[in-house]
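Dear colleague,

Please find the structure below, together with a short account of what was found in it.

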Amino acid sequence: MQDVREAFYVGSRSDGTLTRRPMSPHLQVYKMRLSMFMSIASRVTGVVATAGAALAVGWLAALAWSPAAFARARKVTGSVPGQVILAGWILSLVWHMVGGLRHFLWDTGHRYQRRAINRDGRIALGVILLTAAGLTGAVAGVSRMRAVARTGGVR
Amino acid sequence: MGSSSSAGDRHSGTGHWIAERASAAALLPLTGWFAVQMLRLSGADYDEAVEQNGRPGHAAMLMLLIGTTFYHAEGGLQVIADDYVHGAARKPVRIAIRAGMAGLALTGLVSVLRVAGLRRRLTS
């Protein structure tokens with residue numbers, strides 16, 4: 001036993017054998033709802049956004065290191081997996097920021113009624129998906145325009 | 001209360017709450033700025049990337065962004081660790097999160113300074 005609270009989780013079944021009682025709240029007894037999904041997603045996107053920021057630091061470090069290192073970083077950001085990761089990072093940043101804005105709103109005591117939360121959740125989801133898609137498309141578009149301009153319009 | 005908060009966070013709740021919100025508020029304009037920079041930099045080659053990131057104003061904004069980002073991330077990750085990591089693993093995990101985020105921030109800050117130096121050498 002590493003945590004004294006574990007002592008409170010010891011329970012016994014009807015046949016007398018010992019069992020570990022579940023902690024509360026336990027996810028498995030709740031039906032997944034939009035508010036619950038948005039709350040969990042806020043946390044997950046915070047972690048993913050941090051992982052993306054770590055990769056961005058890697059990009060900066062490569063730029064600072066040498067032209068050869070930066071060329072390798074460009075190869076990664078230009079590859080399909082790299083683009084998928086970039087899109088995921090953008091989505092996570094947008095998601096976490098919109099979730100954070102809703103938290104600011106709640107901190108002022110507003111939009112806390114069940115109906116408001118459900119309605120705002122749907123709106124937030126729409127705003128997140130549209131903004132992330134727009135940003136990702138714009139990044140890909142600018143990148144493509146640059147590539148075309150560099151080759152003088154010849155593919 | 002006395003026994004429920006044995007892990008040392010008894011008096012730091014409010015400060016943490018304010019710190020996460022203050023850094024979140026600061027990150028709104030900083031990340032907005034970053035989104036614009038990301039658009040301008042997408043597909044940039046080495047010279048373009050050094051020229052743009054190395055400008056004094058940009059370097060200063062980047063450093064603010066990096067510091068605030070990893071400060072905010074550190075606070076958030078500690079909350080997650082507090083929720084899911086108990087017992088003997090808790091302290092090492094807390095230290096690892098702090099060291100990891102500090103290391104990332106430091107790497108980012110040093111890189112920005114170096115890029116700013118590279119740009120000065122390239123343009124002079």
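A residue is called buried under 20% relative accessible area, exposed over 50% and partly exposed in between, with a 1.4 Å probe and protein chains only. By that criterion, 27% of the 155 residues in chain A are buried.

This is a predicted model, in which local features need pLDDT of at least 70 and side-chain atom pairs pLDDT 80 or more, while totals for chains, interfaces and linings use all residues. Residues are numbered from 1 along each chain as written, chains are lettered from A in the order written, and side-chain values use heavy atoms, without hydrogens or water.

The largest nonpolar core has 37 residues, and W89(A), V94(A), F70(B) and M101(B) have the most contacts inside it. Such a core is a set of buried Ala, Val, Leu, Ile, Met, Phe, Trp, Tyr and Cys residues joined through side-chain atoms within 4.5 Å. At least two residues each come from α1 (34-65), α3 (80-107) and α4 (114-150) of chain A and from α1 (13-41), α3 (56-84) and α4 (90-123) of chain B. The largest share, eight residues, is supplied by α3(B).

Beyond its neighbours within four places in sequence, M101(B) is in contact (heavy atoms within 4.5 Å) with T50(A), F70(B), A73(B), E74(B) and L77(B). Another core, of 10 residues, lies apart from the largest one and includes L63(A), F70(A), A49(B) and V115(B).

With kind regards

How values were computed
Helices (H or I, at least four residues) and strands (E, at least two) are DSSP runs, numbered from the N terminus.
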